[in-house]
Amino acid sequence: MPKSLKRSGYRKGAHRPFTAQRRDMTNEEALEAIRSQDRNMRVRALRAAFSEAKPGGADVILAGLGDSKRRVKEVALKSSKPFLGDRRVVERIAAMVEDETEYHRIRDKALFALGGGFPKVNEAGQMPEPAIRALKSLAAVDKYRGAVLGRLVRMGLTQEVEALLKEYVRSGTKEEAVAATRALCGYRLVNWGNAKPADLAAAGAVHASGVDYWIRRDSAVGAALERTGTTPSTAAQSGWPWGRGKERSVDDAKG
């Protein structure tokens with residue numbers, strides 16, 4: 001066993017590290033831990049790579065994206081945001097979206113991650129070029145058009161996002177064009193599950209569907225909401241409105 005894993009509290013055969021000795025891994029230790037037989041160690045490695053967010057962490061993320069356990073894949077997707085500038089990571093996530101043999105929840109989360117969705121979709125900000133290019137490619141496929149639009153209308157309105165939204169206005173269905181136009185005209189879509197009427201009014205909110213609301217991009221209330229994070233929605237293949245997933249997540253509890 002590598003000495004670095006011993007120092008981090010790893011015990012062979014244990015389900016989790018010793019909590020008394022637990023500490024954050026370095027990026028180098030994460031590269032070792034992602035090869036562990038213990039699923040929980042692999043999850044820790046991914047979280048460490050996310051928190052340190054150094055270029056070498058992309059190799060940890062790639063290993064997690066290809067893991068045999070759904071739980072590890074989900075954490076890898078959630079930890080991928082700092083590495084969306086790495087073409088290898090983006091290509092792997094895009095392949096997961098299109099993989100018909102992949103569990104549908106993983107495919108949904110892959111698209112959510114590709115749009116800068118984790119940990120907070122509304123703080124996606126400036127998306128790296130590889131991620132934007134992958135979203136553009138998926139948007140050209142009818143099956144994914146609505147789901148990609150569901151990510152775009154939640155992002156910061158960068159030049160690249162604006163160009164994609166304008167394409168939806170030009171060539172999309174009436175509903176797609178309306179949604180894209182609203183996003184271009186100073187609104188973004190947020191998940192606001194416990195909204196109060198006064199806060200909705202202050203944010204200039206317009207109800208979209210379920211717990212989703214359009215709010216003004218310059219809204220102070222909206223900015224505070226964004227800092228709390230949002231919940232990903234499962235996008236219907238038809239595109240609009242977006243439906244929420246109902247199937248329970250499988251945690252692969254047996255390792």
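## Salt bridge between Arg216 and Asp218

In this predicted model, Asp218 is exposed, with a relative accessibility of 67%. The side chain of Asp218 forms a salt bridge with that of Arg216, at an N to O distance of 3.5 Å. Arg216 falls in the partly exposed class, because its relative accessible area is 31%, and the limits of that class are 20% and 50%.

## Glu129 and its two partners

The structure contains 14 salt bridges in total. Side chains of opposite charge can pair when their charged atoms come close. Glu129 takes part in a salt bridge with Arg87, in which the closest N and O atoms are 3.2 Å apart. Since Glu129 belongs to helix H8 and Arg87 to helix H6, this pair ties together parts that lie 42 residues apart in sequence. The two residues have these accessibilities: Glu129 is partly exposed at 41%, and Arg87 is partly exposed at 40%.

Glu129 also forms a salt bridge with Arg133, the N to O distance being 3.6 Å. Elsewhere, a network of salt bridges links Asp59, Asp86 and Arg88.

## Pro130 in helix H8

Helix H8 also holds Pro130. The relative accessible area of Pro130 is 10%, so this residue is buried; the cut-off for that class is under 20%. Leaving aside residues up to four places away in sequence, Pro130 touches Leu84, Gly85, Arg87 and Val90. Arg87, one of these contacts, is also the salt-bridge partner of Glu129.

Pro130 and Arg88 are 42 residues apart along the chain, and their C-alpha atoms are separated by 9.2 Å. Arg88 itself is a member of the salt-bridge network that includes Asp59 and Asp86.

## Packing of helices H8 and H9

Helix H8 spans residues 129-139 and helix H9 spans residues 142-152. Their axes come within 8 Å of each other and cross at roughly 145°. On the H8 side, the contact involves Leu135, Leu138 and Ala139. On the H9 side, Tyr144, Arg145, Val148 and Leu152 take part. Sorted by class, the residues of this contact are six nonpolar, no polar and one charged.

## Nonpolar cores

The largest nonpolar core comprises 55 residues, of which Val148 and Leu152 touch the most other members. Both of these residues also belong to the H9 side of the contact with H8. When residues up to four places away in sequence are not counted, Val148 touches Leu111, Leu135, Leu138, Ala139 and Tyr168.

## Helix H5 and its cover

Helix H5 covers residues 70-78. Its buried residues are Val72, Lys73, Glu74, Val75, Ala76 and Leu77. Among the elements that cover them are helix H3 (39-52) and helix H4 (57-65). Helix H6 (87-98) and helix H7 (104-114) also contribute to this cover.

## Gly115 in the loop between H7 and H8

Gly115 is located in the loop that runs between H7 and H8. With a relative accessible area of 0%, Gly115 is buried. Gly115 and Arg151 are 36 residues apart in sequence, yet their C-alpha atoms are 5.7 Å apart in space.

## The chain as a whole

The protein chain has 13 helices and three strands. Of its 255 residues, 46% count as buried. The accessible surface of the chain amounts to about 12700 Å², and carbon and sulfur atoms account for 50% of that area.

Contacts can also be grouped by sequence separation. Among those between residues at least 6 apart in sequence, 60% join residues at least 24 apart.

Definitions and conventions
Residues numbered from 1 in each chain as written. Predicted model: local features only at pLDDT ≥ 70, side-chain atom pairs only at ≥ 80, totals over all residues. Heavy atoms only, no water. Core = buried A, V, L, I, M, F, W, Y, C linked by side-chain atoms within 4.5 Å. Buried < 20%, exposed > 50% of the residue type's maximum accessible area, 1.4 Å probe, protein only. Contact = heavy atoms within 4.5 Å. Axes fitted to C-alpha atoms, helices over the stretch in contact; angles between N-to-C directions. Helix = DSSP H or I, 4+ residues; strand = E, 2+ residues; numbered from the N terminus. Nonpolar A, V, L, I, M, F, W, Y, C, P; charged D, E, K, R; others polar. Areas by Shrake-Rupley, 256 points an atom, 1.4 Å probe, with all protein chains shown as cover. Salt bridge = Lys/Arg side-chain N within 4 Å of Asp/Glu carboxyl O.
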